[in-house]
Amino acid sequence: MSAPLRASLGAGVSAGASDFQTVSDIREIQPGDTVKTGAASEAEILWGDLGVSRVAENSEVVIDDAPRDVSGEGAVIRLKVNAGRVWNRMLKLLDLESSMQVQTSDVVATVRGTSYGIIKKPNCTEAAVTESVVGISSGGSENEVLL
C-alpha cells in the first residue's frame, strides 16, 4: 500500500531514520517510512476514503502498517509517534477487522472511527477525543481506558 502524503515546505520522508527527503507537494509513502516535520511545516497523510492524519510541526511519525487498499474492508493502520503531535480524522469503519492504532513510547490508542489527537511529550503522552470513543492503554488491552 502507498498512501498519499501531502506536505508543506520543510516536511520530509524517509524509509529509515536518516536521509530525509524534503517534500513540498504530494508523494506516496509506504509502511516503514518516517514522516518528519520541522518548524513551520506540516504534513497530511491521506488514507483514501478512511480518513486523514495531520502531522504538526516539529513532529516525527513512523508508518508501521497501512492497508494495501485504502477503500476496502480489513484496513489496519498503525502509526508510531516518536515526537510531536498527530491529529487523526477517521471515518466510521464498519467491519470489525478495520482499525487505526497510534502508539507512543508509553501508550497505545486504538480506534475504529473518530476524531482524536495524540501529543508525544518528553515524559508523557496526551490524548484528546472530539467524537466517539478511543481506547488508551499503557500495556495491554487489560489496562485499557476509554476516553
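Contact here means heavy atoms within 4.5 Å. Keep that in mind as you look through these close-ups of a predicted model.

**View 1. L79 and the residues it touches.**
Leaving out residues up to four places away in sequence, L79 touches W47, S53, V61, V62, I63, D64, N88, M100, Q101, V102 and Q103.

**View 2. The largest nonpolar core.**
Let's step back to the group that L79 belongs to. The largest nonpolar core has 25 residues, and the members touching the most others are W47, L79, M100, V102 and Y116. Which strands supply at least two residues each? They are β6 (43-46), β8 (60-65), β9 (76-90), β10 (99-103), β11 (108-111) and β12. Strand β9 gives the most, with five residues.

**View 3. Strand β9 and its partners.**
With β7, β9 runs antiparallel, and five bridges join the two. With β8, the arrangement is antiparallel and again there are five bridges. With β10, β9 pairs in the parallel sense over five bridges.

D49 sits in the loop between β6 and β7 (51-55). Is D49 buried or exposed? Its relative accessibility is 56%, and because that is over the 50% cut-off, D49 counts as exposed. Now find M90: the C-alpha atoms of D49 and M90 are 8.9 Å apart, although 41 residues separate the two along the chain.

**View 4. K120, a buried lysine.**
K120 is found in strand β12, which covers residues 115-120. Why is K120 called buried? Its relative accessible area is 12%, which is under the 20% cut-off, so K120 counts as buried. The side chain of K120 makes a polar contact with the side chain of S105, at 3.0 Å. Setting aside neighbours within four places in sequence, the residues in contact with K120 are V81, N82, A83, G84, T104, S105, D106 and T125.

Notes. Residues are numbered from 1 along each chain as its sequence is written. This is a predicted model: local features need pLDDT of at least 70, side-chain atom pairs count only at pLDDT 80 or more; totals for chains, interfaces and linings use all residues. Side-chain values use heavy atoms; hydrogens and water are left out. Helices (H or I, at least four residues) and strands (E, at least two) are DSSP runs, numbered from the N terminus. Buried means under 20% relative accessible area, exposed over 50%, partly exposed in between (1.4 Å probe, protein chains only). A polar contact is a pair of N or O atoms within 3.5 Å; within protein, one must be able to donate a hydrogen and the other to accept it, and residues adjacent in sequence count only if both atoms are side-chain atoms. A nonpolar core is a set of buried Ala, Val, Leu, Ile, Met, Phe, Trp, Tyr and Cys residues joined through side-chain atoms within 4.5 Å. Two strands pair if DSSP finds at least two bridges between them.
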